[in-house]
Amino acid sequence: MTYQSIEVFLAVVRAGSLSGAAQALYVTQPAVSRQIRALEEELGCPLLVRGRGVRQVELTDQGQDFVQVAEKWRQVWQETREVASRDRDRTLNAASVGSVSTYLLSPVFRAFLEEEPGRALTFHSCHSVDAYEYMAQGLADIAFISDSMYHPQVETVPAFREPMVLVTAPDSPLPRQVHPSRLDPARELRLPWNPEYDLWHSFWFSSGAQPRAVLDQMSLLEDFFSWEGSWADSWAIAPAMVARALQEKRGLAVRRLEEGPPDEIIYYLLGRRRKPALTRAFLGCLHRELERQPEIESYLSV
């Protein structure tokens with residue numbers, strides 16, 4: 001099976017006839033027929049219904065099933081060619097936890113790609129533990145995580161820190177500065193930020209307390225706060241960067257916490273396979289973006 005035979009078959013399907021496919025491909029009709037017959041012999045089944053005086057193509061049942069397979073085959077072939085021609089030294093493979101990618105990295109990605117023509121980027125969203133494996137296996141060049149761990153093949157470097165704050169509906173009766181003892185855990189929209197946050201949460205709220213919802217997607221937090229009625233009294237604790245975005249996008253209120261959880265620290269990971277020039281350039285773009293966020297303390301010195 002060749003790329004040419006797949007292209008000829010799909011051209012016949014699109015044109016509806018052998019002659020139409022020949023015209024579209026700038027070849028003769030016998031050449032199209034030979035390609036189709038060779039493909040049928042390789043597959044071991046007829047793809048076209050043949051008969052005297054038949055001008056329009058009619059696909060057999062196998063031919064109809066093969067259309068989707070042929071489309072996938074062509075796509076895979078094109079992706080394979082792209083991989084072969086891609087300059088790996090110009091492509092940065094990045095990964096990140098959802099809160100950082102959703103609320104911080106988009107302008108960083110844009111600046112990185114616009115700064116110098118020819119750069120490329122791939123990105124994967126992942127949890128912290130998965131990011132370490134990505135780095136160890138060489139699947140990512142840099143990754144951003146909120147839960148630092150030890151891995152013998154991965155370097156963990158602090159990137160920035162930010163306070164954790166309270167997010168509520170704009171008409172919540174809670175004061176601007178709230179003590180945890182005033183929060184009803186049954187109204188909480190909880191996200192698993194990091195182990196330090198979990199320890200703080202266990203101290204102030206009973207282990208048997210049932211939150212209103214436990215979420216693992218930042219987009220879900222936005223959706224829950226947009227629900228009306230009884231959901232208007234919900235609350236969540238989030239990093240200041242996330243809270244500010246929710247305030248701007250959803251009109252939510254941001255309140256300070258007395259005796260709140262420790263600041264969240266975001267780390268970046270580096271593995272054995274490194275691209276120093278691209279990594280420095282990316283961290284430079286990140287540093288400039290962090291300087292625009294007054295609530296964030298950057299550890300980057302680039």
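Buried here means under 20% relative accessible area, exposed over 50% and partly exposed in between (1.4 Å probe, protein chains only). Everything shown comes from a predicted model, where local features need pLDDT of at least 70, side-chain atom pairs count only at pLDDT 80 or more, and totals for chains, interfaces and linings use all residues. Residues are numbered from 1 along each chain as its sequence is written, and side-chain values use heavy atoms, with hydrogens and water left out.

**View 1. Helix 2 and its neighbours.** Helices (H or I, at least four residues) and strands (E, at least two) are DSSP runs, numbered from the N terminus. Helix 2 spans residues 18-25, and its buried residues are Gly20, Ala21 and Ala22. These pack against helix 1 (3-15) and helix 3 (29-43), with contact meaning heavy atoms within 4.5 Å.

View 2. Two strands count as paired if DSSP finds at least two bridges between them.

**View 3. Strand 5 and its partners.** Strand 5 (residues 164-168) runs antiparallel to strand 10 (residues 253-257), joined by 3 bridges; look for threonine 168 opposite alanine 253 of strand 10. With strand 9, strand 5 makes 5 bridges, also antiparallel, and here valine 165 sits opposite alanine 238 of strand 9.
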